[in-house]
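Take a moment with the sequence and the structure below.

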Amino acid sequence: MSLHRLWAIIRKEFRHIQRDKRTLFLVTLSPAIMLIAFAYLFAFEVQSVRLGVWDADQSALSRQFIASLIADGKFSLAENGNGYESLRGAMMRGDIHLGVIIPPDFEAQILAGDGASVQLIADGSDTIAAAGGVTRFRQRTAEFARRLTSTSSAPPIIVQAQAWYNRDLDSTFAMVPGLVPIVMIMPSLAIALAITRERELGSFETLIATPIHAFEYLLGKLIPYIAYGVVSASIAYALAIIWFRVPLRGPVPDLLAMTVLYLFASLGVTLFICGFIASQGTAMRVVMLLFFIPSFFLSGVTLPVDTKSGPGQFISFLLPASHFVQITRGAFLKAMGIDQLAAQSLNLFLIGVIPFALGILTFRKRV
Amino acid sequence: MTGQITATQLSKTFRKNQAVRGVSFDIAPGEIYGLIGPDGAGKTTTIRMLAGVMDPTRGTARVNGLDTTRQAEQLRAHVGYMAQKFSLYGDLSVRENIEFYADIFGVRGKARAERIARLLKFARLDQFQDRDAGVLSGGMKKKLGLACAFIHRPRVLFLDEPTNGVDPISRREFWDILSDLHIEGVTIFISTAYLDEAERCSRVGLMYRGEIIREGTPIALRQLVQGDLLAIITPDLQIAENVAQKLPGIFEVQVYGDRLHVFVDAGATRAREIEIALVAAGATIKQIRPAAPHLQEAFISLISHL
Ligand SMILES: Nc1ncnc2c1ncn2[C@@H]1O[C@H](COP(=O)(O)OP(=O)(O)OP(=O)(O)O)[C@@H](O)[C@H]1O
Ligand SMILES: [Mg+2]
C-alpha cells in the first residue's frame with residue numbers, strides 16, 4: 001500500500017472527470033435533472049390510489065361518503081376492512097395505499113351538526129401514491145362536506161391523518177426526498193463506464209505491468225466518485241428544498257455523512273461487479289438492471305415493501321436504495337439524524353464494505 | 001539457462017485455439033531480440049506471458065531470474081511493457097501522462113523531475129509537454145508510450161509492435177531511441193511485422209502459427225534461403241511471374257513492387273534461361289541481376305516451405 005500510488009490514481013481520476021463533459025454531467029447535474037423529471041411525473045400522473053375502508057358506521061351517509069370518494073375513479077376501493085388490523089394488513093401487503101376509518105357515530109354526529117371525524121392512515125411517507133393520495137383525500141372530503149353544509153358554517157368532517165407526518169403528506173412534492181436514492185444511481189453509472197473504458201482502451205493492460213495494488217486502484221477510483229457524488233446529491237437536496245419546498249428538518253451534516261455511506265455502498269457494489277465486465281455497453285446495462293430497475297420497484301420508493309417476508313424482501317435488503325430511501329425521508333420529513341438512522345447507516349456500510357473487500361480479493365492483475 | 005529472459009516450452013491455449021505452442025527463449029542481457037511474424041502468429045500472447053500480464057497454460061518463463069507467473073509483482077519494478085493496444089490517457093497532457101507513471105512506479109524526489117525532463121528530451125517531446133496526449137501524431141504517441149514504459153529505468157523492455165501504423169520517418173526515429181537504450185545496456189524484446197526492423201535486432205525469432213520456426217542473427221537467417229536470388233525489373237510483371245513459375249530450376253517467385261524476386265538453384269545459368277523465356281513471351285526486361293536476399297524474402301521463403 002503506497003499513498004503515492006493511491007494519490008496518483010485519485011488525481012488522474014479527478015482529471016478524467018473534470019475534463020470529460022459527459023462524465024462531469026453524470027456526476028454533477030444529471031441527478032438533479034432526473035429528480036425534476038421524476039417529481040413532476042409522479043406528482044401529476046393520474047394514478048389510481050387504492051383505498052381500504054373500514055366503515056364502522058354502515059349508515060346511508062357513510063356509504064354516500066365512500067361513493068363520493070371513488071366516483072371519478074382516481075380512488076379505487078381495494079379493501080373493505082373490519083378493523084384497524086385488516087387495514088394495516090392490506091397496507092403491509094401493498095394492496096392499499098391509504099386506509100380510511102369511518103367512526104360508528106359518523107352519521108349521527110353530522111346530523112347533530114357536531115361534525116364527524118374520519119381517520120386516515122397512510123403508511124408514513126412511504127409511497128408516492130400515498131403522498132398524492134392524502135392531498136386528494138382531503139380535497140374530496142372537503143367537497144363532500146361542503147355539499148352537506150351549504151347552510152351551516154362549521155366544517156362537519158375533520159380528517160385526522162394518523163401520526164405526525166401527515167402535514168408533510170399534504171405537500172404534492174413530499175415524495176421528492178424519496179426519489180433521491182434513485183437519481184443518485186448516476187455516479188455508479190459514471191464509475192462503471194470509467195472502469196470499463198480504461199479496460200476497453202487498453203490502458204488497464206499497461207497498469208497491470210505496474211506495481212499498482214488492487215486496493216490502491218479501487219480506492220483511487222472510488223474516492224473521486226464519492227466526492228462528486230456528494231456534490232451531485234447536494235445539488236439534488238438544494239433543489240428539493242428551494243424548488244420543491246420540501247423542508248429539510250434533520251441535521252445537514254448527518255444527511256451528508258449518510259449520503260457518503262450510500263455512495264460507498266452503491267459504488268462499492270459497482271466496483272466489484274465491474275471487475276467481471278469488459279465493455280462499457282455491458283457495464284451500462286448491468287448497472288441499469290441491477291440498480292435502477294430494482295430500486296424503483298423493490299426499495300420502497302414507489303411501492304411499499306413487505307417488511308415481514310417474501311423473496312422481494314431479501315433483494316430489497318441488498319439494495320442500497322432501500323436503506324437510503326428511509327434515510328432521505330427520515331432526514332427530510334421526520335427530522336431524523338444519524339443516531340436514529342444508525343441501523344440503515346450500518347446496513348449501507350456493510351453493503352459497501354463487503355463487495356469492496358471482495359473486489360480487492362478477486363481483482364486480477366492479468367489480461 | 002542464465003539469460004535475462006528465459007522461457008521453457010511456453011504455451012497458451014484459448015479454448016481450442018493453441019495460440020502459442022511451446023516456445024523457448026534464452027536472451028542475454030543487452031540483446032535486442034526481435035519477434036517477427038504475420039498477424040495472429042502469437043507474438044502478443046508470447047510477450048504478454050513474458051511480461052507477466054498473462055498466465056501461460058503450460059511452461060514457465062523467467063525475467064531477471066524471477067518467475068513471470070508466481071513472482072509477477074516483484075518483477076514489475078524491473079520490467080517496462082508497452083502493449084500493442086497500449087493507450088495513453090488522451091485527456092491528460094504529455095507531462096501528466098509521464099508523471100502518472102512516475103508516481104505509480106514510485107519515482108520520487110529529485111530523480112522524478114530529472115528523469116521526466118530527460119525522457120521528454122530523449123523522446124523529443126519536450127516542446128509538446130503541455131499538449132494533450134490525445135492530439136499527438138501517431139509517432140509521438142508511440143514515443144510517449146515508450147517514455148512512460150521506461151520511466152522507472154527497467155533493465156528489460158517488452159515492446160509489442162511499437163511502430164505499427166507509424167510513418168517511416170517516425171519509425172526510424174523510434175529505432176534511434178531504442179539504439180540509445182540498447183547502448184545503455186537495456187535488454188529489449190520487441191515484436192514487429194516490419195521485417196526491415198528485424199535487421200536492426202541482434203537476434204531474431206521467426207514466429208509462425210504459435211511456434212518459433214527459426215531463430216538466429218539477421219545475417220544467419222538470410223543465409224537460410226535456399227538457392228540464389230535474382231531480381232528482375234520489368235513493366236510486364238504479370239506475364240513475367242506466370243512464365244517464370246513454370247521454368248525448371250525455380251524454387252519460388254515473389255513480386256515486390258516493380259520487380260520480381262526469383263529463387264533459383266544456380267543463379268548464373270538460370271538468369272540466361274529466364275531472360276530468353278521472358279523475351280519469347282513478349283515481356284520487356286529492364287534489368288536482371290543477382291541480389292542478396294533480405295530478411296523479408298527469407299521469411300516468406302521459409303514459411304512457404306513449411
Ligand atoms: N485474449 C484472447 N482470447 C482468445 N483468443 C486470443 C486472445 N488473444 C489472442 N487470441 C488468439 O490467439 C492467436 C494469436 O494471437 P496474437 O494476438 O498473440 O497474435 P499476434 O502475432 O500478436 O498477431 P497481430 O499481428 O495481429 O498482433 C490468434 O488466433 C488470436 O485470435
Ligand atoms: Mg499482436
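Which residue does V204(B) stand opposite in strand 10 of chain B? The residue is G216(B). A word on the ground rules comes next. This is a predicted model, in which local features need pLDDT of at least 70, side-chain atom pairs count only at pLDDT 80 or more, and totals for chains, interfaces and linings use all residues. Residues are numbered from 1 along each chain as its sequence is written, chains are lettered from A and ligands numbered from 1 in the order in which they are written, and side-chain values use heavy atoms, with hydrogens and water left out.

V204(B) belongs to strand 9 of chain B, residues 203-208. Helices (H or I, at least four residues) and strands (E, at least two) are DSSP runs, numbered from the N terminus. Strand 9 of chain B has a partner in strand 10 (residues 211-216) of chain B. Two strands pair if DSSP finds at least two bridges between them. Here 5 bridges join the antiparallel strands. They form a hairpin with 2 residues between them. In the turn, R209(B) has a positive phi of about 50 degrees.

Strand 9 of chain B also pairs with strand 3 (residues 32-36) of chain B. This pairing is parallel, over 4 bridges. V204(B) takes part here too, as the bridge partner of G34(B).

Now look at burial, where buried means under 20% relative accessible area, exposed over 50%, and partly exposed in between (1.4 Å probe, protein chains only). In strand 9 of chain B, 6 of the 6 residues are buried, so the strand is largely enclosed by the rest of the structure. In a regular strand the side chains alternate between the two faces of the sheet. R203(B), G205(B) and M207(B) point one way, while V204(B), L206(B) and Y208(B) point the other way.

Turn to the contact between the chains (heavy atoms within 4.5 Å). Chain A gives 26 residues and chain B gives 29 residues. About 2500 Å² is buried between them, with 53% from carbon and sulfur atoms. Buried area is the accessible area (1.4 Å probe) that two parts lose on being put together, summed over both. E205(A), A209(A) and R366(A) supply 23% of the area that chain A buries against chain B, more than any other three residues.

The interface holds 7 salt bridges, each a side-chain nitrogen of Lys or Arg within 4 Å of a carboxyl oxygen of Asp or Glu. E73(B) and K365(A) meet in a salt bridge at 2.8 Å, N to O.
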